[in-house]
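Dear colleague,

I am handing over the structure we spoke about, and my notes on what was found in it follow below.

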Amino acid sequence: QVRSDPAVYALLHERDVDRLRGKSRILYFGSTGQLGGASDSCRLRIYRYPNGPHAAEIERRTQFILDSGAQVTFHWKHMPSRDEAVIEETRLLQLYADEHHELPPFNGHK
């Protein structure tokens, strides 16, 4: 079981996906105050059992990719605090936007 610490995380496609500029495997960057653990509010549980429109939309999009036969992986980095996780998510999104001239596909709905 994954620790319930704050974290920044990414969903990655198994293959590169065309972007406005270049290619990337990154589908989504996110951050959370509680990545794992037993609580109903942990991010992994919310994505597994969506209880809101944001989680349900990510789950719907991920299921679409999985139904096509592709694999999606989940990568994370524990952070000292929720605030630092949000700062790191913002930094990663900016780097991605600078490189590809757009946000990752699943972040684009914000």
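Lys 23 is partly exposed, with a relative accessible area of 49%, whereas Asp 18 counts as exposed at 53%; here buried means under 20% relative accessible area, exposed over 50%, and partly exposed in between, computed with a 1.4 Å probe on protein chains only. The side chains of these two residues, Lys 23 and Asp 18, meet in a salt bridge with an N to O distance of 2.5 Å, a salt bridge being a side-chain nitrogen of Lys or Arg within 4 Å of a carboxyl oxygen of Asp or Glu.

Before going further, please note that this is a predicted model, in which local features need pLDDT of at least 70 and side-chain atom pairs count only at pLDDT 80 or more, while totals for chains, interfaces and linings use all residues. Residues are numbered from 1 along each chain as its sequence is written, and side-chain values use heavy atoms, with hydrogens and water left out.

**Salt bridges**

The structure holds 6 salt bridges. One of them joins the side chains of Glu 102 and Arg 19, at 3.1 Å from N to O. Glu 102 lies in the segment after α3 (82–100) and Arg 19 in the loop between β1 (7–18) and β2 (23–32), so this pair ties together parts that are 83 residues apart in sequence; helices (H or I, at least four residues) and strands (E, at least two) are DSSP runs, numbered from the N terminus. Of the two partners, Arg 19 is buried, with a relative accessible area of 15%, and Glu 102 is partly exposed at 22%. The segment after α3 also contains His 101, which has a positive phi of about 65 degrees although it is not a glycine.

A further salt bridge is found between the side chains of Arg 60 and Glu 57, at 2.7 Å from N to O. Both residues lie in helix α2 (residues 53–67), 3 residues apart, or about one turn of the helix, and Arg 60 is partly exposed, with a relative accessible area of 47%. Glu 57 and Arg 60 are linked with Arg 61 in a network of salt bridges. Helix α2 is also the place of Ile 58, which is buried, with a relative accessible area of 2%. The C-alpha atoms of Ile 58 and Asn 107 are separated by 9.1 Å, and these residues are 49 apart along the chain.

**Aromatic pairs**

There are 4 aromatic pairs in the structure. Among them, Tyr 9 and Phe 74 form a stacked pair, at 5.2 Å centre to centre with 25 degrees between the planes; rings of Phe, Tyr and Trp (its six-membered ring) pair if their centres lie within 6.5 Å, and planes under 30 degrees apart count as stacked, over 60 as edge-to-face and the rest as tilted. Tyr 9 lies in strand β1 and Phe 74 in strand β3 (residues 72–78), so the pair ties together parts that are 65 residues apart in sequence. Tyr 9 is buried, with a relative accessible area of 2%, while Phe 74 is partly exposed at 22%.

Phe 29 and Tyr 96 form an edge-to-face pair, at 6.5 Å centre to centre with 80 degrees between the planes. Phe 29 lies in strand β2 and Tyr 96 in helix α3, so this pair ties together parts that are 67 residues apart in sequence. Phe 29 counts as buried at 7% relative accessibility, and Tyr 96 likewise counts as buried, at 4%. Finally, ring pairs link Tyr 9, Tyr 28, Phe 74 and Trp 76 into a cluster.
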